[in-house]
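Thanks for asking me to look this one over.

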Amino acid sequence: MSTSTRFDTKIAVLLREDLEPWQRLNVTAFLVSGLGTQVPELVGQPYEDADGVPYLPMFRQPVLVFQGAKEVLRAAHERALSRALPRAVFTSDLFATGHDDANRAAVRAVGTSDLDLVGLAVHGPRNAVDKVLKGARMHP
């Protein structure tokens with residue numbers, strides 16, 4: 001694939017700007033893991049090196065990472081919901097949980113408008129994702 005390939009869709013992660021570096025990496029990894037399960041066409045074919053060692057498939061297109069203030073994240077979440085885009089959320093509560101069941105329980109315990117979002121992943125048509133991300137800036 002050439003570096004000039006333009007995709008009709010966009011995978012984007014929006015992180016709250018006040019996260020520690022380790023948190024940014026952890027949240028991004030968790031968030032994108034959900035998109036491939038709900039939008040299987042995002043995932044390409046498995047890899048194999050010249051010696052025949054197999055590797056897991058990855059996304060077929062880049063994941064763009066953005067950042068913004070808490071308010072930008074909340075507004076992006078609302079726009080993603082209103083556009084019914086595939087999405088994943090990471091709340092501040094998940095930093096204190098230790099496993100998947102506890103993660104789901106922590107999110108389930110809080111109403112949509114009260115979620116303390118620190119990360120959001122979305123996938124959809126480029127223009128729709130761009131509108132969701134209004135006010136966010138590319139992660140440095």
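1. Let me start with a charged pair: Asp-116 and Arg-16 form a salt bridge whose closest N and O atoms are 2.9 Å apart. The two partners come from distant parts of the chain, 100 residues apart, with Asp-116 in the loop between helix 3 and strand 6 and Arg-16 in strand 1. Please bear in mind that this is a predicted model.

2. Asp-116, at 24%, is partly exposed.

3. How many salt bridges does a search of the whole structure find? The search finds seven. Another of them brings together the side chains of Arg-137 and Glu-17, at 2.8 Å from N to O. Arg-137 lies in strand 7 and Glu-17 in the loop between strand 1 and helix 1, so this pair ties together parts that are 120 residues apart in sequence. Arg-137 is partly exposed, with a relative accessible area of 42%, and Glu-17 is partly exposed too, at 33%.

4. For a local case, look at helix 3. Asp-101 and Arg-104 both lie in this helix, three residues apart, which is about one turn. Their closest N and O atoms are 2.6 Å apart in a salt bridge. Arg-104 is partly exposed, at 40% relative accessibility.

5. As a reminder, strands of a sheet pair through backbone hydrogen bonds, either parallel or antiparallel.

6. With strand 1 (residues 9-16), strand 6 pairs in the antiparallel sense over seven bridges. If you want to trace that pairing on screen, Ala-12 has Val-122 as its bridge partner in strand 6, and Thr-9 has Pro-125. Strand 5 (residues 87-91) also pairs with strand 6 in the antiparallel sense, over five bridges, and here Phe-90 has Gly-119 as its bridge partner.

7. What lies across these strands?

8. Which residues have the most contacts inside the largest nonpolar core? They are Leu-14, Val-122 and Leu-133, in a core of 17 residues. Strand 1, helix 2 (70-82), strand 6 and helix 4 (126-132) are the elements that give two or more residues to this core. Helix 2 supplies the largest share, four residues. A second, separate core has 16 residues, among them Leu-19, Val-32, Leu-42 and Phe-90.

9. Finally, the aromatic residues. Three aromatic pairs turn up in a search of the whole structure. In one of them, the ring centres of Trp-22 and Phe-95 are 5.8 Å apart and the planes are at 65 degrees; that is over the 60-degree limit, so the pair is edge-to-face. Trp-22 lies in helix 1 (residues 21-38) and Phe-95 in the loop between strand 5 and helix 3 (100-108), so the pair ties together parts 73 residues apart in sequence.

10. Phe-95 also pairs with Phe-90, and this pair is tilted, at 5.2 Å centre to centre with 50 degrees between the planes. Ring pairs link Trp-22, Phe-30, Phe-90 and Phe-95 into a cluster.

Methods. Residues numbered from 1 in each chain as written. Predicted model: local features only at pLDDT ≥ 70, side-chain atom pairs only at ≥ 80, totals over all residues. Heavy atoms only, no water. Pairing = 2+ DSSP bridges. Core = buried A, V, L, I, M, F, W, Y, C linked by side-chain atoms within 4.5 Å. Buried < 20%, exposed > 50% of the residue type's maximum accessible area, 1.4 Å probe, protein only. Phe/Tyr/Trp six-rings, centres within 6.5 Å; stacked < 30°, edge-to-face > 60°. Salt bridge = Lys/Arg side-chain N within 4 Å of Asp/Glu carboxyl O.
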